[in-house]
Amino acid sequence: MSKPQWIAVMVVAALVLLPVAVWLDLRNLSDASLNAQATSLNTMITGIRSYYARNVVGRVLAANGTTQAAHNYEAIPGAIPIPATLSIEMAEVIGGQEEDIGYRFVSDQQFANRAAHQLDAFESSALAAFRESRDPKAVKTEITGSIFDRKIRIAAPVIMGAACVACHNTHPESPNRDWKVGDVRGIQAISIAQPIAENIWSLKYLLTYFAGAGLFGFAFTGLQIRQALHFRRMNMELEEANSFLASVSMKISKYLSPQVYKSIFSGERDVVISTERKKLTIFFSDLKDFTVSSERLQPEELTTLLNEYFTEMSKIATEHGATVDKFIGDAILAFFGDPETMGAEEDALACLNMAIAMQRRMVALNADWRRRGIEKPLQARMGINTGYCNVGNFGSEDRMDYTIIGAEANLAARLESIAEPGGIVMSYETYALVEDHVRASAMEPIRLKGISRDVVPYRVEDIHTEGLTNESGFFNESADGVRLFLDINRLDSEQAEQTAEMLASMLEALKQKKGDG
């Protein structure tokens, strides 16, 4: 099967050999048939010649010139047989010479001194049909036999001529004296038997071909079955391997950002040590006083809290197209611009929108955590910077990490460190790209460790209120003696009605307080 061209050669050879085998067998059959016919004809002619020499020529010569034709010629010196007697006796000569060829000249009206002919059903029905039709050219045929031999019988009428009528109507031993010309005297029947089983080897070439084809077919079928079983085992192994690889792939995807995972498994990115210098927007976030919180909470509570935080933040990062680089303790490092980029401005805007969405989500998470009994929930600080970094695979041939390296990434971390809890601080490079989409105020220039120039940070303002009353239905306000958190989208109609009544009651109390003052 490793060389399929040989299969094609064998198929062509089989197609060519079939007509060759048929032609050889037809020639062989023709030769055998001709030989059998010639032998039979030679035997019959020899028998007829011997009969003619003995019963005709010999008797004429012994009669010294005086002879006659008679049905009982043997009783008359020098007499020769009449045609009817000749036909009857010739049947005995032919039948005695050939087993497969028979000849009968029979009638149901014999001369008085002759033994009655025993007619079988075929001969009787043929005689009756011939006398009814009186057709001298009529022929009746019968084919009998089994799957091993065949036999054909042909019967023809014996018609009375003028000389026959004159003889039979005047002969003293004739059983009938009113014969007419055209009457059917009897029948002559010829039978030929063909033993098929004996001639089976006449098809030796075709049988040899079929035997070879059968052996080849069995061998080919066995090979196909073997190949099918082999392929079935291979398919089962491949299915198991694919299932295992799919499972491993799903597990690996948990350790990589969706963009990196997709680029590796689609073949777009090779797993080799290589880096590129690209303009990225880097995001860095950290939790305020996480160390204090970790000392106050039980390890199980802390683990649950941190996992919920990372899950929600990662979900928002994925929705905005961020590449999540890594989790560093309670910090998150993510960036925009690789492996896919929408352009520097769009990348910066997507990063800013992501940070705002994260801070808004933190308010909802804090409310939920407070209801669960956590007195001081987590608060995040976030920093954003845009600049050129080296991005790619860093590490060794055996262990590598897809990450970014550069001063711009360090700057994002420094900006996060000066942000207020729940706030977002970005560099001027980022602000210049998104200033048409955000309200931000410049802070005092600062000099950060490892940064040679003065950095002017920009604080994002109105993170929770800008445009929210018309867009998202989200309110978060706090002051001395006041803490208001409202997310209209999370309320059903009944809860909205109860909240409206509660706010109306609060408003009435505030008006009364104002009036008292």
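Guide: Gladly! One term comes up at once: a strand here is a DSSP run of at least two residues marked E, numbered from the N terminus. Keep in mind that this is a predicted model.

Visitor: Which strands each supply at least two residues of the nonpolar patch?

Guide: Those are strand S5 (149-159) and strand S6 (184-195). The patch covers about 500 Å² of surface, and its members are Val139, Ile143, Ile152, Ile154, Ile190 and Ile192.

Visitor: What makes Ile190 partly exposed?

Guide: Ile190 is found in strand S6. Its relative accessibility is 42%. Partly exposed is the range between the 20% limit for buried and the 50% limit for exposed, so Ile190 counts as partly exposed. A patch residue needs over 30% relative accessible area, and Ile190 is one of the residues of the nonpolar patch.

Visitor: Why is Ile88 called buried?

Guide: Ile88 has 18% relative accessibility, and buried means under 20%, so Ile88 counts as buried. You'll find Ile88 in helix H2 (residues 83-97).

Visitor: What makes the pair Arg153 and Glu142 a salt bridge?

Guide: The distance from N to O is 3.6 Å, and the cut-off is within 4 Å, so this pair is a salt bridge too. Arg153 lies in strand S5 and Glu142 in strand S4 (residues 140-145), so the pair ties together parts that are 11 residues apart in sequence. Glu142 counts as partly exposed because its relative accessibility is 27%. There is also a network of salt bridges, linking Asp120, Glu123, Glu142 and Arg153.

Visitor: How many salt bridges does the structure hold?

Guide: It holds 12. One of them joins the side chains of Asp368 and Arg371, at 3.5 Å from N to O. Both residues lie in helix H9, 3 residues apart, which is about one turn of the helix.

Visitor: Why is Arg371 called exposed, and what is Asp368 called?

Guide: Exposed means over 50%, and Arg371 has 58% relative accessibility, so Arg371 counts as exposed. Asp368 has a relative accessible area of 27%, so Asp368 is partly exposed.

Visitor: How do you know where empty space is left?

Guide: Rolling a probe the size of a water molecule over the atoms shows where empty space is left. This structure holds 1 cavity of 30 Å³ or more. About 30 Å³ of space lies in the largest cavity.

Visitor: Which residues line the largest cavity?

Guide: They are Phe283, Met313, Ser314, Ala317, Val324, Ile332, Ala334, Met354 and Met358. Helix H8 (299-319), strand S9 (331-336) and helix H9 (344-371) each supply at least two of the lining residues, and H8 gives the largest share, 3 residues. By kind, the lining divides into 8 nonpolar, 1 polar and no charged residues.

Visitor: What makes the peptide bond from Asp338 to Pro339 cis?

Guide: Its omega is near 0 degrees. Pro339 sits in the loop between S9 and H9.

Visitor: Which residues have a positive phi although they are not glycines?

Guide: Arg134 is one of them, with a phi of about 55 degrees. Arg134 is found in the loop between H3 and S4, and at 42% relative accessibility it counts as partly exposed. Asp462 is another, with a phi of about 50 degrees. Asp462 lies in the loop between strand S14 (458-460) and helix H12 (468-471), and its 28% relative accessibility makes it partly exposed.

Definitions and conventions:
Residues are numbered from 1 along each chain as its sequence is written. This is a predicted model: local features need pLDDT of at least 70, side-chain atom pairs count only at pLDDT 80 or more; totals for chains, interfaces and linings use all residues. Side-chain values use heavy atoms; hydrogens and water are left out. Patches are made of residues with over 30% relative accessible area and no salt bridge: like charges are joined within 9 Å, nonpolar side chains (Val, Leu, Ile, Met, Phe, Trp, Tyr) within 5 Å. Accessible areas come from the Shrake-Rupley method with a 1.4 Å probe; for residues, only the protein chains shown count as cover. Helices (H or I, at least four residues) and strands (E, at least two) are DSSP runs, numbered from the N terminus. Buried means under 20% relative accessible area, exposed over 50%, partly exposed in between (1.4 Å probe, protein chains only). On a 1 Å grid over the protein atoms alone, a cavity is a set of points where a 1.4 Å probe fits but cannot get out, and a pocket is an open set with protein on both sides within 12 Å along at least five of seven lines; lining residues have an atom within 4 Å of a point. Grid points are joined across faces, edges and corners, and a volume is the space filled by probe spheres set on the points. Ala, Val, Leu, Ile, Met, Phe, Trp, Tyr, Cys and Pro count as nonpolar, Asp, Glu, Lys and Arg as charged, and the others, Gly among them, as polar.
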